[in-house]
Amino acid sequence: MAQVPQTFDAPAVRTWCGLALRALGRAREDIDAINVYPVADGDTGTNLYLTAESAVAAVEAVFAAHETGTAAPAGPSLAEAARAMAHGALIGARGNSGTILAQLLRGMAEVLAADGDSAHTDGRGLRSALRNAADSARRAVAHPVEGTVLTVASAAADAATGAEGDCGTVARAAYEGARAALAATPGQLAVLERAGVVDAGGRGLVAVLAALVETFTGEAVTAETPAGGAVPAGTAHEGAARPTVPHARARTAGAEQDGPGACASSGPPAGGPAFEVIYLLEAEDRAVARLRQRLDALGDSLVVVGGEGLWNVHVHVDDAGAAVEAGVEAGRPHRIRITHFGAGDAHTAGPGRPPRERAQRAVVAVVPGEGLAGLCAEAGATTVLARPGEPPASGELVEAVRRAHAREVVLLPNDAELRDTAAAAAEQARREGIRVALIPTRSAVQGIAALAVHEPGRRFDEDVVAMTSAAGATRHAEVTVAEHESWTTAGVCQAGDVLGLIDGDVAVIGTDVTATAETVLDRMLAAGGELVTLVLGDDAPGAVAGHLENRVRERYLAVDTVVHHGGRQGALLLIGVE
């Protein structure tokens, strides 16, 4: 038998994370298939795997820093490794289940990384870590529901509390306690009993705890329930068969609706909110406390995890824009993901309905600010937020296409520099069997124009042609501030100058935002136009929109103006003329 760690040190954290990732990888499809609560979305295993993968990457980065000489050569401490594990899981958490797993790992790290490493490396320290993990995860969920991963985590901690011995003994007790609690989950949630399965999130946690046992004993233990994932005889109706649930093809974070918090009763509500909103948030504790209250009033499935200034927020709402705005008021939200469930899917249709089928068609749009993310989501699009200097990678776009859960997808990059990235994402999605059309929109205002004429009911090719035509007929401009001296197509600009770009080229250099915007708009309307779209950034002067609206009304007959608030979009103002 290979040598195993006798105490919970940094190498043990590394080993555990690696073994947990492999265990979740092996069980991913099985866990996806039993995901029936509160929505049969088939993503629980995938999202747990992706969350663990992010934790592994963070831990490996800490070890690599020591091995390459950029940190102390002795190797990372337990505190460093545990904090890296927790941080990686937090920033990579996917869906409800992944978000709760991130908090479980954070709860363990809080104990393991406390001052005086030696006090927390033995069996007693592991018992404390498991207890803190279960308690902190339960506190993170607005309305905990029994029969879920929270129940399994609490049972693991309870079993560990009664175990005396080293880390291997404590880990095995926690695993056995979790395994027994998992088998009992159908008796606590009627939807699980009807389907003849155990809780999917709890099944994933059992796999993670099995990896913990292997870390400290060197012995691989099965992560299966006695009936291999189905409900053991006597726990549910005799002969209850495992349900037929479509396997997700590694769909992304954010689409999954497993786990607790959807309601306080024994099953999902008769109807549910239309959107899932997820984002990372930089905010102070007091602001997050207020955010919890506001989001809890807006929707359900609220889970807020994290601490020390960085949080992961997950909620289901009908008003996606309001959920994002609440985050903006609390601090700085980023990595925003908004998913539209769609009318008649398993989330909005209520219990007893078949699992959600793929929609025929969806739109995926890259947007530069929270305001436009909410606007596009309310129009039915799946959005990917692109912050200044943080363009999304092709993998993020592929995940968004998967999250849209449709047979046909129209992809709107809304940035000329993202065209190649979007093309690579479209090709990857096509290899997975999804029909994808890439419309090379170069600005968010072109994307808005395309989305406005989107008609899911017509033939795919006709819809793509109409959307492409609308985008191509929209001239685009932006008003921004120069960061440094530079040569432009309009002459030399200095740092702090106001720049007006039309169709990507600098056309105006000025000193006043409103005056520059007026000049840009006049030049665009000189060639004609029927509709002006203005998208205001957070730093735009408050009066600029009203001034431009008045100018259009007074000087250009039969031209309408629409104003949207884009949030932190980089540019002060985006202008579209159709």
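I took buried as under 20% relative accessible area, exposed as over 50% and partly exposed as in between, with a 1.4 Å probe and protein chains only. On that basis, 59% of the 578 residues of the protein chain count as buried.

I noted that the model is predicted, so local features need pLDDT of at least 70, side-chain atom pairs count only at pLDDT 80 or more, and totals for chains, interfaces and linings use all residues. Residues are numbered from 1 along each chain as its sequence is written, and side-chain values use heavy atoms, with hydrogens and water left out.

**Elements.** I used DSSP runs numbered from the N terminus: helices are H or I of at least four residues, strands E of at least two. The protein chain has 19 helices and 16 strands.

**Helix α14.** How many of the 11 residues of α14 are buried? I found eight, so this helix (residues 394-404) is largely enclosed by the rest of the structure. L397, E399 and R402 are among the buried ones. I then checked contacts (heavy atoms within 4.5 Å). The buried residues of α14 pack against β4, β5, β6, β7, α15 and β8. Just after α14, H405 takes a positive phi of about 55°.

**Salt bridges.** I counted a side-chain nitrogen of Lys or Arg within 4 Å of a carboxyl oxygen of Asp or Glu. The structure holds 24 salt bridges.

- D32 and R28 meet at 3.5 Å, N to O. They are four residues apart in helix α1 (residues 10-33), so about one helical turn separates them. D32 and R28 are both buried.
- R106 pairs with E110, with the closest N and O atoms 3.7 Å apart. R106 is buried at 13% relative accessible area, whereas E110 is partly exposed at 41%.
- D158 and R131 meet at 2.5 Å, N to O. D158 lies in helix α6 and R131 in helix α5, so the pair ties together parts that are 27 residues apart in sequence. D158 is partly exposed at 47% relative accessibility, and R131 is partly exposed at 25%.
- I also found a salt-bridge network linking R361, E408, R435, R458, D461 and D463.

Among contacts in the protein chain between residues at least 6 apart in sequence, 74% join residues at least 24 apart.
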